[in-house]
Amino acid sequence: MRQKKGFVSARPERMLPLHTTHSPNFLGLSQNTGLWENSNYGKGVIIGVLDTGITPEHPSFSDEGMPPPPARWKGKCQLRVRGSCNNKLIGARYYFGKSPIDVDGHGTHTAGTAAGNFVGGAALFGNANGTAAGIAPHAHVAIYQVCQPEGCPESAIAAAMDAAIDDGVDVLSMSLGGGFAPYPNDVIAIGAYRAMQRGIVVSCSAGNEGPDSETLTNQAPWIMTVGASTTDRKILVTASLGNGEKIHGETAKGFHSIKKKKLVHPRSNLTGTTYCDTDFGIDDVRGKIVMCDGGGAKSRTEKAEAVKSAGGAAIILVNDELAGDTTMVGVYPLPAIQIGYTDGLKIQAYLNSTSKPKATIAFKGTVLGDNRAPVVAPFSSRGPNIASPGILKPDIIGPGFNILAAWPNSIFPNTTFYMISGTSMSCPHLSGVAALLKSAHPDWSPAVIKSAIMTTADFTNRAGNPIENDKMQPAELFAIGSGHVNPTRANDPGLVYDISPDDYIPYLCGMNFTDKEVSIIVQRNVDCSEVNSIIDSQLNYPSFSIILGSTPQSYTRTVTNVGKANSSFDVEIVSPDGVVVRVEPERLWFWESGQKLSYNVTFTRSAADGATKKNSEGFIKWSSADHSVRSPISVVFV
C-alpha cells in the first residue's frame with residue numbers, strides 16, 4: 001500500500017463503542033422568544049450525525065415548516081424507499097451495514113435530540129408528557145450510518161467524516177469514541193481537524209467510563225468534548241417505610257400503589273450476596289417487596305424478571321456505590337423503584353432495626369423542579385486529559401440523563417419516544433446549541449462558538465449552589481469542565497477566545513509529535529523545526545489547565561470583542577488554593593466590536609497554602625456592564 005499514490009499511513013483498525021420533551025425548556029429555550037427566535041430555530045444549518053442510522057418515518061423527522069436545504073448541500077439519500085428523505089432529513093448514507101435504517105435506536109434518538117422537529121403529545125408510557133423537540137428543531141439533519149450494536153469501525157467513521165465535510169454539513173455530532181489514542185492514531189481527531197478547517201463545529205461525547213478519573217475520550221482541543229448531567233425532571237416513585245421514613249426514586253412505567261407489605265432483602269445461598277442475581281436464599285419473596293442491591297452478574301431488568309417469576313410484589317433496585325445517588329428510569333415487568341446508594345443504606349438501617357419490616361410504594365408521576373439539577377451523571381467520563389494535560393476536558397456538560405427523544409417503534413412496539421442516558425445524549429444537545437449559534441452568527445468560527453458556550457456556562461445549580469457530582473458533593477472541573485451549557489448566554493458572550501486552524505500547528509509541534517505525525521493530522525507538510533512551538537497550556541483556550549511546580553508559569557490569552565464598542569472589562573480572580581494568580585492588565589478597554597486584546601496570566605505556587613493538595617481550582621472572570629466571561633482554572637501540583 002505504501003507504493004500507492006495518496007498513501008498517508010496505515011495501522012490496525014479499532015472498533016469504537018457507541019457512547020426530548022423537557023430538556024430544551026430546562027436549557028431556557030422557548031418558542032417565539034430568546035435564542036430559538038433569534039436563530040430561527042436553527043434554520044439553514046445542517047447537522048451531520050454519525051451513528052447507527054435513522055428511522056426516516058418518525059414524526060421527529062417530518063419536514064413540516066422546513067425550507068429546502070441550502071444550495072451548497074451535496075449529500076445523498078441512500079434510503080431505498082422513495083421520498084424517505086425530505087427537507088428535514090436531507091441526507092442518509094451508510095458505511096457499516098446494508099442501509100441507513102436504524103436497527104438499534106441510538107442514532108434515531110441522538111438525531112432527534114439534536115434537531116428533531118416539534119411533535120405534540122410525546123410521552124413515555126404516559127409520563128413526561130409534552131411537545132418533543134430537538135435543540136435546533138428547524139435545522140436540517142444528515143445521517144451517516146457508521147455503527148451497529150457491536151460498535152463502530154474506524155474505517156467507516158473516517159469515510160463518513162470525509163463525506164459529511166464534502167457534503168456541506170455545519171455541525172458534526174458524534175456520540176461515539178474509543179478511549180485514549182494519540183492524535184495521529186485517532187481517526188476522530190484527524191477527521192475533526194479537517195472539519196474544523198472547513199468551519200464545521202465537531203461535538204463529541206466524553207465517554208461513559210465515569211466516575212473514574214482519566215477516562216475521557218475525544219480529547220483534542222479542536223473538538224467540543226461533552227459530559228453528561230441531569231435535568232430537573234423526575235418520574236417519581238416514593239417508598240414509605242414502616243418507621244415513617246420516605247425514600248424517593250424513579251421508574252419509567254406507572255403502576256397502582258403497593259399497599260403495606262413485608263420488605264425483604266434476600267441473600268444468596270450460593271454467593272452470599274444481595275444482588276438478586278442467583279437465588280433468594282431462605283427468603284420466600286412471594287407477595288413481598290424485594291430490595292436488590294446494585295452489582296452482580298445480572299442487569300436491573302433481569303433482576304426484576306427474576307423477582308416477578310418468584311412471585312414478588314415489587315422491587316426496590318439500589319444503586320451501587322459507584323453509581324451514587326442519581327436515579328435512572330427503567331422499564332420493568334413489575335412495580336419498581338430505583339433509588340440511590342445513600343437511600344439504600346437508609347433502608348438497610350431500617351431492616352436492621354426491626355424484625356417485621358414493612359413498606360408501601362406509590363407512583364407519583366412526572367415531577368419538575370429538582371433544585372439540585374444539574375448533577376453530573378455518574379457514568380460521565382472524567383479528566384484529566386491524558387493526551388494533552390494542559391487542555392482542560394471535558395469542555396462542557398449538558399443534559400444526558402433520562403433523556404426522552406425519538407425511538408423506532410420497531411424495537412419497542414407502540415413506543416415512538418424512549419428515555420435513555422449517556423454522554424451520547426448530552427453530545428447532541430450541544431450539537432443543537434452549536435447549530436443555533438451558527439444560525440444566529442454565521443461568521444463565528446468553530447473555536448468562537450465553543451468559546452461562547454464555555455465562557456458563559458453555569459457553574460451553579462438551580463438552588464444557586466455549586467454543581468454537584470453523583471455523590472452530591474461539589475463537582476471537580478475534571479467532571480464539569482467550564483460548567484453546564486447556558487444557550488441564551490452563549491448567544492451574547494461579550495468576549496471570545498478564537499483559534500485559527502494554523503494556531504494548532506505550534507501546539508502540535510510542542511507535543512513532540514514527529515513532522516510526519518503532525519502532517520497526518522493537519523493534512524499538509526509541516527517542518528516543526530521552522531515552527532515556534534508552544535506548550536499545550538499556551539494555546540488560546542477558554543480555560544486553563546496548569547501543571548505547576550516550584551517555577552512560576554506565565555501565559556498569554558487573546559480575546560475578541562463580539563459585543564458593544566466602547567466597552568471595558570475588569571478582571572476578577574479567584575486563585576486556586578496554594579496558588580497566586582496575577583493578571584496584567586486588570587482592565588481591557590475595547591474601542592470597537594471585533595477588536596482583539598491580550599492579557600498575561602502568571603501562576604505562582606504559594607509557600608504556605610495548599611502544600612499537601614494534589615490539585616486545586618479557581619477561575620478568572622472578565623466582567624463589563626453587560627457580560628461576564630469566565631475561564632476556569634485547574635492546577636495539578638507536581
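Predicted model: local features only at pLDDT ≥ 70, side-chain atom pairs only at ≥ 80, totals over all residues.
1. Buried means under 20% relative accessible area and exposed over 50%, with partly exposed in between. By that scale Arg372, at 35% relative accessibility, counts as partly exposed.

2. Arg372 pairs with Glu468: their side chains meet in a salt bridge with an N to O distance of 3.0 Å. Glu468 sits in the loop between helix 9 (446-455) and helix 10 (477-480), and Arg372 in the loop between strand 17 (358-368) and strand 18 (396-399), so the bridge ties together parts that are 96 residues apart in sequence.

3. Asp395 is buried, with a relative accessible area of 0%. Lys450 counts as buried because its relative accessibility is 6%, and the limit is 20%.

4. A further salt bridge joins the side chains of Arg587 and Asp570 at 2.6 Å, N to O. Arg587 belongs to strand 26 (residues 587-590) and Asp570 to strand 24 (residues 567-574), so parts 17 residues apart in sequence are tied together. Asp570 is partly exposed at 32% relative accessibility.

5. The structure holds 19 salt bridges in total. Asp162, Asp166, Arg194 and Arg198 are linked in a network of them.

6. The largest nonpolar core contains 55 residues, and Ile157, Tyr183 and Trp222 have the most contacts inside it. Helix 5 (residues 187-197) contributes the largest share of this core, eight residues. There is a second, separate core of 45 residues, including Leu35, Val49, Ala373 and Ala457. As background, nonpolar side chains tend to be buried together in soluble globular proteins.

7. Helix 3 (residues 106-115) and helix 8 (residues 423-440) have axes that come within 7 Å and cross at roughly 35 degrees. The crossing of helix 3 past helix 8 is right-handed. On the helix 3 side the contact is made by His106, His109, Thr110, Thr113 and Ala114, and on the helix 8 side by Ser424, Met425, Pro428, His429 and Gly432. By class, this contact has three nonpolar, seven polar and no charged residues.

Notes
Residues numbered from 1 in each chain as written. Heavy atoms only, no water. Core = buried A, V, L, I, M, F, W, Y, C linked by side-chain atoms within 4.5 Å. Buried < 20%, exposed > 50% of the residue type's maximum accessible area, 1.4 Å probe, protein only. Helix = DSSP H or I, 4+ residues; strand = E, 2+ residues; numbered from the N terminus. Axes fitted to C-alpha atoms, helices over the stretch in contact; angles between N-to-C directions. Left-handed = near helix turned anticlockwise from the far one by under 90°. Contact = heavy atoms within 4.5 Å. Nonpolar A, V, L, I, M, F, W, Y, C, P; charged D, E, K, R; others polar. Salt bridge = Lys/Arg side-chain N within 4 Å of Asp/Glu carboxyl O.
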